[in-house]
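Please keep the sequence and the model at hand while reading.

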Amino acid sequence: MAGKARIIKALQTWGLVMGKSTFYKIIILAVSLLSSCFLVSCQDSRDENYEGYYIFGLDANETKVVFEKYSPVSEDTEELVVEFLDKMSNEPEDIYMKKAIPDDVEIDNYVLSGEGGLSLYFNSSYGNYTGVSEILRRAAVVKTLCQIPDVADIQFYVSGQPLTTSNMEAIGLMRADDFIDNTGGETSYKQNTTLNMYFSDYKGTALVEVPVEITYDATIPLEQLAIEQLMKGPYSIEGVNKKSMLPTIPEGTRLNKITVRENTCYLDFSSEFLNKRKSITADVAIYSVVNTLVELPMVNKVQFSIDGGQVLEYSTSINFGEPFERNLDLVLSNAPVSSNEE
């Protein structure tokens with residue numbers, strides 16, 4: 001309760017300060033609009049002579065971490081934490097920059113240890129953000145708060161539980177230098193995970209589960225990585241038993257777009273996907289994709305589209321217009337996976 005009281009007090013203080021400065025902000029905004037051609041984009045390199053603070057956010061296309069200069073009102077460590085969180089929850093001054101903390105995400109509480117460990121407790125809405133969007137927002141929050149002298153590292157919690165990777169391993173403590181700045185302002189963060197892929201058995205009538213360990217740039221969505229690996233087929237995976245499985249996605253198929261909203265993965269393929277491989281059944285072709293994607297923690301269903309449009313039937317036998325859920329009845333339980341099992 002004491003922690004929440006400090007948050008409320010700090011927010012009240014911050015709100016009063018902002019109230020007094022409303023007139024000046026209006027003047028500054030008017031001047032900015034009249035002289036926008038002289039504005040320096042937040043994507044430019046940071047000023048080496050500047051010793052103040054930055055607020056980090058996302059560029060308009062959510063492809064990189066960007067920043068703007070900021071002069072805080074507070075000096076106390078905990079009040080700075082609250083002030084920076086509040087600032088990242090509000091629209092930036094730079095019109096080309098997106099805030100790090102979206103409207104639907106709230107921070108229920110925080111705990112700052114004597115050793116400088118800062119724990120942030122987000123509501124469940126944070127779980128709606130995955131892939132590029134999540135990793136860039138996380139980078140922006142960590143890089144902003146780790147500027148505070150008494151904050152050494154940060155850990156995220158969602159609905160009271162530690163934030164995890166797609167492999168359900170806790171991400172743990174993060175520091176600003178975990179997120180590497182490239183010259184273009186982009187952020188890179190390497191992670192290790194295991195993707196469970198589903199390919200066809202050698203008969204073409206069932207699915208074989210193949211665990212694939214990868215090290216990847218976490219700015220690339222896992223669902224995209226999974227589909228790209230399916231498109232390459234099982235023969236591109238080192239050590240697999242090539243005699244026991246077949247590829248499932250037709251040659252020439254392109255991935256046009258893939259997004260996840262409210263636990264449904266929306267997957268748009270090129271028209272080549274409709275040219276089912278003759279060596280496998282229609283069910284195997286569809287559920288190779290569906291089962292692979294539903295293995296990911298934020299996906300429960302998969303909705304297909306073709307070149308941006310809805311196709312109602314697949315291979316003259318499957319209703320293709322509704323979302324698909326996992327189907328484990330097609331999965332073989334004891335199929336040989338590695339070449340050592342032949």
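Which residue in β15 does Leu267 stand opposite? Leu267 stands opposite Phe304.

## Basis of the report

The model is predicted, and local features need pLDDT of at least 70, side-chain atom pairs count only at pLDDT 80 or more, and totals for chains, interfaces and linings use all residues. Residues are numbered from 1 along each chain as its sequence is written, and side-chain values use heavy atoms, with hydrogens and water left out.

Helices (H or I, at least four residues) and strands (E, at least two) are DSSP runs numbered from the N terminus. Two strands pair if DSSP finds at least two bridges between them.

## The three-strand sheet

Strands β13, β14 and β15 form an open sheet in the order β13-β14-β15, with mixed pairing. Its edge strands, each pairing on one side only, are β13 (255-261) and β15 (301-306). From one strand to the next, the twist averages 15°; axes are lines fitted to C-alpha atoms, for helices over the stretch in contact, and angles run from 0 to 180 degrees between N-to-C directions.

Six bridges join β13 and β14 in the antiparallel sense, and Thr259 stands opposite Tyr266 in β14. These two strands form a hairpin with two residues between them, and Glu262 in the turn has a positive phi of about 50°. On the other pairing, β14 (residues 264-269) and β15 run parallel over six bridges, with Lys301 in β15 as the bridge partner of Thr264. Five of the six residues of β14 are buried (under 20% relative accessible area; exposed is over 50% and partly exposed in between, with a 1.4 Å probe and protein chains only).

Helix α6 (residues 282-294) lies across β13, β14 and β15 and runs at about 135° to β15.

Another helix, α5, holds Glu223. Leaving aside residues up to four places away in sequence, Glu223 touches Thr130, Ile258, Val260, Cys265, Leu293 and Leu296, where contact means heavy atoms within 4.5 Å.

## The four-strand sheet

The other open sheet has the order β4-β5-β6-β7, again with mixed pairing. Here β4 (107-112) and β7 (161-162) are the edge strands, each pairing on one side only. Strand β6 (residues 153-158) pairs with β7 in the antiparallel sense over two bridges, and Pro162 in β7 is the bridge partner of Tyr157. Helix α3 (residues 77-88) packs on the sheet, touching β4 and β5 (117-122), and its direction makes about 150° with that of β4. Helix α4 (residues 131-145) touches β5 and β6, at about 140° to β6.

Strands β4 and β5 run antiparallel, joined by five bridges; Leu112 has Leu118 in β5 as its bridge partner. The hairpin they form has four residues between the strands, and Gly116 in the turn has a positive phi of about 90°.

## Helix α3

Ten of the twelve residues of α3 are buried, so this helix is largely enclosed by the rest of the structure. Among them are the charged residues Glu78, Glu83 and Lys87.

The end C-alpha atoms of α3 are 17 Å apart, which agrees with the 16 Å that its twelve residues should span at 1.5 Å a residue. The expected span is 1.5 Å times one less than the number of residues.
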